[in-house]
Amino acid sequence: MFENLQERLGAILNGLTGRGALSEADVSAALREVRRALIEADVALDVVRSFTDRVREKAVGATVLKSVKPGQMVVKIVHDELIEMLGSEGETISLNAPAPVVIMMVGLQGSGKTTTTAKIAKRLTERQGKKVLMASLDTRRPAAQEQLKQLGEQTGVSTLPIIADQSPTEIARRSVQAAKLGGYDVVILDTAGRTHIDEPLMVEMAGIHQVSAPHEVLLVADSLTGQDAVNLARNFDERVGITGIVLTRMDGDGRGGAALSMRAVTGKPIKLIGVGEKMDALDEFHPRRVADRILGMGDIVSLVEKAAQTIDQEQAAAMAKKMQEGKFDLNDLAEQLRQMQRMGGLGGIMGMMPGMAKMKDQLAGAGMDDKVIARQIAIIQSMTPAERSNPDLLKHSRKQRIAAGSGTDAAQINKLLKMHRGMADMMKAMGGKGKKGGMMRGLV
Ligand code: GDP
Ligand code: MG
C-alpha cells in the first residue's frame with residue numbers, strides 16, 4: 001500500500017548515497033511510485049502527468065543532502081511541489097465589495113451547497129458580525145427551499161421568504177432587493193444542482209449570475225469526486241466563472257485528490273473545507289495537510305524537520321527525566337501544549353501520521369481541538385509559578401482568579417487539571433517501567 005511509499009522510494013534510491021545528485025533514471029523510478037499514489041488519491045490523470053513533469057524538472061540534478069536519505073529527498077521535493085500547486089494558506093471569502101455582497105454557491109446536486117451556505121452564513125454572522133440573508137434558488141427539488149429555511153432557523157440566520165412558482169432568476173433578483181432594503185451586509189444564493197453537468201444547468205447559473213452580479217462564486221464539490229473533478233471545475237469556471245472552491249466531506253476517508261485536480265485546472269483557490277454535517281464543521285484550507293493526505297503517508301520528512309525546529313534536545317531530555325521520575329507539572333504540560341501548537345496544532349500533528357485522522361476525530365469528539373489547546377495554555381499562564389508546580393494549591397478562590405485572568409471558567413480549569421492528572425499518572429506508570437521519554441518519542 002501507499003503507506004509504504006517512503007519505504008519503496010527509499011529502497012529505489014538508497015543506492016544513491018554519496019553520489020551527490022539525483023539522476024534522471026532514479027527520479028523516474030521514484031516518480032512511478034508517486035504517480036501511483038496520486039492516482040490512488042483520485043487525482044485526475046492529466047494533472048498527475050503535469051505534476052510529475054514539474055517534479056522531474058526540479059528533482060533531476062538536485063543535490064542530495066548528507067543528512068537525509070535520497071528517498072526522503074525526492075519525497076520532500078514531491079511534497080513541496082504539491083503544497084505549492086495546492087495554493088496558498090489563508091484564503092478567505094472576500095467581502096470587499098459594496099453591501100450587500102452577493103455570494104453565489106454552485107455545484108452538483110448533493111455536493112453540499114445548501115449545508116455549506118448555512119455554515120458560511122453562520123460563520124460570517126458569528127465571527128464577523130455580519131447581517132446575512134440566505135436564499136434558496138433551488139426550485140427543482142420540492143423540499144430544497146424548506147431545507148434552507150430550517151437551517152436558517154437552526155443557525156439564527158435570516159432566509160428569504162418563500163414565494164411559490166418563482167423562477168431561479170426571479171428569486172435571485174428578489175434576494176438582492178430584499179438584502180438592499182433590509183440593510184444586509186451579505187446575501188448568499190444557494191442554487192440548484194444536477195446529478196451531472198448539463199446545458200440547462202449552465203444556462204440557469206449564467207442567468208442567476210447575470211441578475212445578481214455575485215462578488216464570490218463558490219464551487220462546492222465533494223472531495224470524493226474522482227476523475228470528474230477536472231471536467232466539473234473547468235465547466236463551472238468557463239461557463240459561470242468561479243472565484244473559489246469549497247471542498248466538502250473532507251471528514252471522510254477520501255484522500256482529497258480532487259483538491260489538486262480542481263486547483264490545477266482552474267487556478268482558483270480552495271477557500272474552505274467541509275468536515276462534517278454540523279453547522280460548525282467548516283475549516284480553513286491548509287495545503288500542507290492536504291498534501292500529506294494526498295500522498296497518503298505520514299510525512300516523515302517534514303515531521304522530522306518541524307520537530308527539529310521546535311524541540312530543543314536538551315528540553316526533551318529534561319522532560320524525559322521528569323516523566324520518569326513522575327514529576328510532570330503544569331509547566332511541563334504547558335510546554336507540551338505549546339509544542340503541539342508550533343507543530344501545526346492537532347491537525348498538523350495528526351495529519352502527518354498515517355491512521356491518525358481517526359484519533360484526531362476522537363480527540364475532537366472529546367472536545368480537544370486547537371482552540372482548546374490555546375485556552376489551556378492561557379489558563380496555565382494565568383497561574384502563579386507555585387500553582388504551576390503544585391496544582392494541589394488550586395482551591396476555589398484561586399480558580400476564580402485564574403478563570404478571570406484567562407477568560408475561562410472553573411469547569412474548564414477543572415477539565416485541564418483532570419487531564420493533567422491523567423497524563424501525570426500515565427507517565428508515572430511509564431516511568432516505573434523505565435521507558436524514557438516515551439511520549440516525546442511518540443511525537444517525533
Ligand atoms: P446540495 O444538494 O448541494 O445542496 O447538498 P446538501 O447541502 O443538501 O448536502 C447533501 C448531504 O451532504 C447532506 O446530508 C449534508 O449533511 C451532507 N454534507 C454536506 N457537507 C458535508 C461535509 O462536509 N461532510 C459530511 N460528512 N457531510 C456533508
Ligand atoms: Mg441544496
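A contact here means a pair of heavy atoms within 4.5 Å. On that basis, among contacts in the protein between residues at least 6 apart in sequence, 75% join residues at least 24 apart. This is a predicted model, in which local features need a pLDDT of at least 70 and side-chain atom pairs count only at pLDDT 80 or more, while totals for chains, interfaces and linings use all residues. Residues are numbered from 1 along each chain as its sequence is written, chains are lettered from A and ligands numbered from 1 in the order in which they are written, and side-chain values use heavy atoms, with hydrogens and water left out.

**Confidence**

- The pLDDT, which is the predictor's confidence in each residue on a scale from 0 to 100, averages 82 over the protein, and 77% of the residues score at least 70.
- Residues 306-314 keep a pLDDT under 50, and for this stretch the model has 13 contacts beyond four places in sequence.
- Residues 434-444 likewise have a pLDDT below 50, and this stretch has 29 contacts in the model beyond near neighbours in sequence.
- The scores for the model are an ipTM of 0.99 and a pTM of 0.67.

**Overall architecture and surface**

- The protein's secondary structure comes to 21 helices and eight strands, where helices (H or I, at least four residues) and strands (E, at least two) are DSSP runs numbered from the N terminus.
- Of the 444 residues of the protein, 50% count as buried, with buried meaning under 20% relative accessible area, exposed over 50%, and partly exposed in between (1.4 Å probe, protein chains only).
- The accessible surface of the protein comes to about 20700 Å², of which 51% belongs to carbon and sulfur atoms; such areas come from the Shrake-Rupley method with a 1.4 Å probe, and for residues only the protein chains shown count as cover.

**Backbone features in loops**

- A cis peptide bond, with omega about -5°, joins A99 and P100, and P100 is found in the loop between α4 (70-86) and β1 (101-106).
- D165, a residue other than glycine, has a positive phi near 65°; D165 lies in the loop between β3 (158-159) and α7 (168-181), and D165 counts as exposed because its relative accessibility is 81%.
- R249, also a residue other than glycine, has a positive phi near 60°; the place of R249 is in the loop between β6 (244-248) and α10 (257-266), and R249 counts as partly exposed because its relative accessibility is 37%.
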